[in-house]
Amino acid sequence: MALSKTSRLQAVNTMLSTIGEAPVNTLLGTVAVDVATAERVLDETSLEVQSMGWHFNTVPKVTLSPDSTTKLITVATNVVRIDLESSSTYDLVLRGDTLFDRKNNTNLFDDDIKNVTLVTALDFTELPQLARQYITFRAARVFQDRVVGSEKHHAFTLRDEMMALSKLKEYE
């Protein structure tokens, strides 16, 4: 069998193994509570990890333009964080899917905003393998903690998680 990157199914099966559950063959149409819970924890963990901003999900030097009618700047729904140079005349934050300027207390913009750095949440299958591995192990620990709560299993999964984080940071 050829090796390939970790899939969502493999990640969920890894998570299920931490609570002693048998692996599943598919995520489609599965009604098992543990599988649904594992998928939710995997998604939560992926969003949490990606929100930190990594090389693979950060897009620098983006220009954002306001809508000519509303003057709002709307960003894609997968944008989880924005950064702007501190010397800027703006202090931007995300409010929903639009930008708000805290410095000038407005969400209306007349001009383009240049050199914005966007941090985006990517689908699990778009992530590099080391990110998938770290997210899988972190999610497995959280899942096991929520479902079973075994301190012994927590220690094992925490060790795997820390090793995976170390490898991801080295890759970064």
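Strands E3 and E4 form a hairpin with two residues between them, and glycine 96 in the turn has a positive phi of about 70°. Strands and helices here are DSSP runs numbered from the N terminus, a strand (E) having at least two residues and a helix (H or I) at least four. The model is predicted: local features need pLDDT of at least 70 and side-chain atom pairs count only at pLDDT 80 or more, whereas totals for chains, interfaces and linings use all residues. Residues are numbered from 1 along each chain as its sequence is written, and side-chain values use heavy atoms, with hydrogens and water left out.

Arginine 95 stands opposite threonine 98 in E4. In strand E4 (residues 98-101), Thr98 and Phe100 point one way, while Leu99 and Asp101 point the other way. All of these E4 residues are buried, a term that denotes under 20% relative accessible area, with exposed meaning over 50% and partly exposed the range in between (1.4 Å probe, protein chains only).

The overall organisation of the chain is as follows. The secondary structure comes to four helices and five strands, and from the N terminus on the elements run α-α-β-β-β-β-β-α-α. The radius of gyration of the protein chain is 20 Å, whereas a compact globule of 172 residues would have one near 16 Å; the radius is taken over C-alpha atoms, and the globule rule is 2.2 Å times the number of residues to the power 0.38. Along the principal axes, the C-alpha atoms fill a box of roughly 55 × 35 × 35 Å. Of the 172 residues, 37% count as buried. Among contacts (heavy atoms within 4.5 Å) with a separation of 6 or more, 67% are accounted for by residues 24 or more positions apart.

A further set of strands forms an open sheet of three, in the order E1-E5-E2 and with antiparallel pairing. Its edge strands, each pairing on one side only, are E1 (58-64) and E2 (79-83). From one strand to the next, the twist averages 40°. Angles run from 0 to 180 degrees between N-to-C directions, and axes are lines fitted to C-alpha atoms, for helices over the stretch in contact. Helix H2 (residues 33-51) packs on this sheet and touches E2 and E5, its direction making about 10° with that of E2.

E1 is joined to E5 by four bridges, and leucine 64 stands opposite isoleucine 113 in E5. E2 is likewise joined by four bridges to strand E5 (residues 113-120). Valine 79 stands opposite threonine 120 in E5, and isoleucine 82 has leucine 118 as its bridge partner in that strand.

Helix packing was examined next. Two packed helices are described by the angle between their axes and the distance between the axes. For helix H1 (residues 8-17) and helix H3 (residues 129-147), the axes come within 9 Å and cross at roughly 35°. Ala11, Thr14, Met15 and Leu16 in H1 meet Thr136, Phe137, Ala139, Ala140 and Phe143 in H3. The residues of this contact divide into seven nonpolar, two polar and no charged. In this classification Ala, Val, Leu, Ile, Met, Phe, Trp, Tyr, Cys and Pro count as nonpolar, Asp, Glu, Lys and Arg as charged, and the others, Gly among them, as polar.

Two threonines of helix H2 were considered individually. Threonine 37, placed in H2, is buried, with a relative accessible area of 17%. Apart from neighbours within four places in sequence, threonine 37 is in contact with Phe143 and Val147. Threonine 45, also in H2, is buried with a relative accessible area of 3%. With neighbours within four places again set aside, threonine 45 is in contact with Ile135, Arg138 and Ala139. The C-alpha atoms of threonine 45 and aspartate 91 are separated by 28 Å, the two residues being 46 apart along the chain.

Finally, aspartate 160 lies in helix H4 (residues 151-171). Aspartate 160 is partly exposed, with a relative accessible area of 29%. Aspartate 160 and tryptophan 54 are 106 residues apart in sequence and 20 Å apart in space, C-alpha to C-alpha.

Technical notes: Two strands pair if DSSP finds at least two bridges between them.
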